[in-house]
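The exercises below are meant to be worked through with the sequence and the model side by side. Try each task before reading the solution that follows.

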Amino acid sequence: MRLTVAQALLRFLANQWSERDGVERRLIAGVFGIFGHGNVAGIGQALAERGAGTGDALPYYLARNEQAMVHTAVGYARTLDRLSTFACTTSIGPGATNMVTGAALATINRIPVLLLPGDVFATRVANPVLQELEDPRSFDVSVNDALRPVSRFFDRINRPEQLPSALLAAMRVLTDPAETGAVTLALPQDVQAEAWDWPEELFARRVWHVARPVPEPAALERARTLLRSSSRPLIVAGGGVIYSGACAELAEFAEEYGVPVAETQAGKGSLRHDHPCNVGAIGHTGTAAANALAREADLVIGIGTRYSDFTTASRTLFGQARFLNVNVAAFDAAKHAGTMLVADAREALRVLGPDGWRAAWTFARPERAVLEGFTQAVVLDAVNDAVGEDGVVVNAAGSMPGDLHRAWRAAGPHSYHVEYGYSCMGYEIAGGLGVKLAAPEREVFVLVGDGSYLMMAQEIATAVQEGVKLIVVLVDNHGFASIGGLSEAVGARRLGTAYRARGASGGLDGELLPVDLAANAASLGADVLRAGDRAELVSALVKAREATRTTVVYVRPEPGSGVGASAWWDVPVAEVAENPEAREARVRYEEAKREQRIYL
Ligand SMILES: Cc1ncc(C[n+]2csc(CCOP(=O)(O)OP(=O)(O)O)c2C)c(N)n1
Ligand SMILES: [Mg+2]
């Protein structure tokens, strides 16, 4: 079949399916793209032609920023347990490098996205093309090489014949639960438009079976032996529990063997918040209840977790516990010199428990704080009520992720969507759009700080364009509450963390800026509601739920609402300093650091 490389690529993608537990879905749900000279005549032409020829197999979406469209693909794929995602097409140069941050976020969170940046001419006849990086040492380098370290598979299609094997490799990585992340196929702009005679079988319907590896018998025996020797086990449930669909099995295991379950950010919602075995969030942003257990546990059973420093309180949390790590990726299973059980979480939980064994300790569940005034904690509590049983909350960076991790009452595995692998300011609205595209029947509540909003608010226009309804709760505290607090704690005097004009002293300590973010949201096409206290917020949230259009609820809570941390986080403090706060902070830092356990 004679087609251009771009036409062949799209025809191939439209025929790829994922399958798990007998359910098939389109692996590539559609294409997000921003066009420029690097993709308009290749992928752009092919998309236009396919739209006319083959209906809605690969719908096209126009985003406002290339980074944002990768976030949207991540929000979508995470909501669908990584079984379906979007392709993202860009021009060459800035359009392509705008995706680097999105790619890093996807890979760090182990979420599949397919990136199709345009690239400089393979023939090089017309070079340097507009936006080409010229490396005097090698003509083989382009800006797209910046995507290599943040991609789990990267290839550049310099000749049409290279396309089929590159496509198969790309689909394999996207659908491999241990390998998945950003997959990049860089497409030189001349090659995209080049025709070739393709074998028809390239376009056959192809189903990618998403594996559920079962534990190796000997490894299972080692894990059971370890469990039998433990009387105070604690489960740390990570995102892998949710992606595997292992929540029911986790609940059964915890109940049957009497094991408390603590949750990471990605794992929050693995158990309902009111499940008797759920002791809440773990780590630096964890509950006092979970962290107390972590300090006493003799065995940590990590399931589908990558053990970030927030989870381990920078390796100060788990006293003298040993580790049993259930993970589909050997890389994660081997962490902390753990006993490795390389397997799908659901398959492992079904067979893991040894006969007659039961944990021999009692545990307390976290207590609910009493809330007053109109602090951030009160805002989150009111949003929590509005999200209810069927909504979803989305967030990523600032002071909210910690408060949410600790205090949010999650109704289920897909009701809590906090991106905390990359904690990327700007993910919130773009990611929320992806969540809503994946779960149109649910109300999606995006919580966004003013700092994050100012980085990437523009996808509100994309949501309006698509008629996709989001509820965005915009929390304005005039700057970086999170980093402001951290700055003070490390002796950096809150430098550069408030949105204030340059003042008489020459520093950024003048008047609050006359920036009206509510008006900004309205200008992007959203309906906007302002709320000044809890009662107004509650009624605004009711209105927002009833609305059919994207609605922004704008709040300015009182400062100082953060709940104190019950475990440490390693942020190195200046070893020498003139200011006394920094010197005092250094003393505290060195003291805390002594608790750090250098696991293998
Ligand atoms: C892209 C990006 N840049 C910088 C940071 C570091 N950082 C983390 S939180 C934060 C401030 C967030 O401000 P805002 O969204 O207003 O939330 P608040 O802390 O006020 O709750 C910064 C700068 C980040 N996480 N992501
Ligand atoms: Mg802020």
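**Exercise 1: the shell around the ligand**

Helix α18 supplies the largest share of the shell around ligand 1, namely 4 residues. This is a predicted model, in which local features need pLDDT of at least 70 and side-chain atom pairs count only at pLDDT 80 or more, while totals for chains, interfaces and linings use all residues. Residues are numbered from 1 along each chain as its sequence is written, chains are lettered from A and ligands numbered from 1 in the order in which they are written, and side-chain values use heavy atoms, with hydrogens and water left out.

Task: find how many residues surround ligand 1, and which are the closest.

Solution. Step one is to count the shell, where a residue is near a molecule if one of its heavy atoms lies within 4 Å of it. The shell holds 15 residues, and the closest are Ser-399, Asp-450, Gly-451, Gly-479 and Ser-482. Step two is to sort the shell by class, which gives 5 nonpolar, 9 polar and 1 charged residues; here Ala, Val, Leu, Ile, Met, Phe, Trp, Tyr, Cys and Pro count as nonpolar, Asp, Glu, Lys and Arg as charged, and the others, Gly among them, as polar.

Step three is to look for polar contacts, meaning pairs of N or O atoms within 3.5 Å. A backbone N or O atom of Gly-451 is 2.7 Å from an oxygen atom of ligand 1, a polar backbone atom of Ser-423 is 2.8 Å from a nitrogen atom of the ligand, and a polar side-chain atom of Asn-477 is 3.0 Å from a ligand oxygen. Taken alone, ligand 1 exposes 580 Å², of which the protein buries 77%, with areas taken from the Shrake-Rupley method with a 1.4 Å probe and, for residues, only the protein chains shown counting as cover. The elements that give two or more residues to this shell are α18 (450-455) and α20 (481-489); helices (H or I, at least four residues) and strands (E, at least two) are DSSP runs numbered from the N terminus.

**Exercise 2: a helix and its surroundings**

Solution. Buried means under 20% relative accessible area, exposed over 50%, and partly exposed in between (1.4 Å probe, protein chains only). The buried residues of α1 are Val-5, Ala-6, Gln-7, Ala-8, Leu-9, Leu-10, Phe-12 and Leu-13.

**Exercise 3: paired charges**

Task: work out where in the chain the partners Arg-534 and Asp-381 lie.

Solution. Side chains of opposite charge can pair when their charged atoms come close. A salt bridge is a side-chain nitrogen of Lys or Arg within 4 Å of a carboxyl oxygen of Asp or Glu, and the structure holds 33 of them. Arg-534 and Asp-381 meet in one such bridge, at 3.0 Å from N to O. This pair links distant parts of the chain, since Arg-534 is in helix α22 (residues 534-546) and Asp-381 in helix α15 (residues 376-387), 153 residues apart. Arg-534 is partly exposed at 27% relative accessible area, whereas Asp-381 counts as buried at 13%.

For a further case, Asp-176 forms a salt bridge with Arg-172, the closest N and O atoms being 3.9 Å apart. Finally, Asp-21, Arg-212, Asp-344, Arg-346 and Glu-347 are linked in a network of salt bridges.

Technical notes:
Polar contact = N/O pair within 3.5 Å; in protein donor to acceptor, adjacent residues only side chain to side chain.
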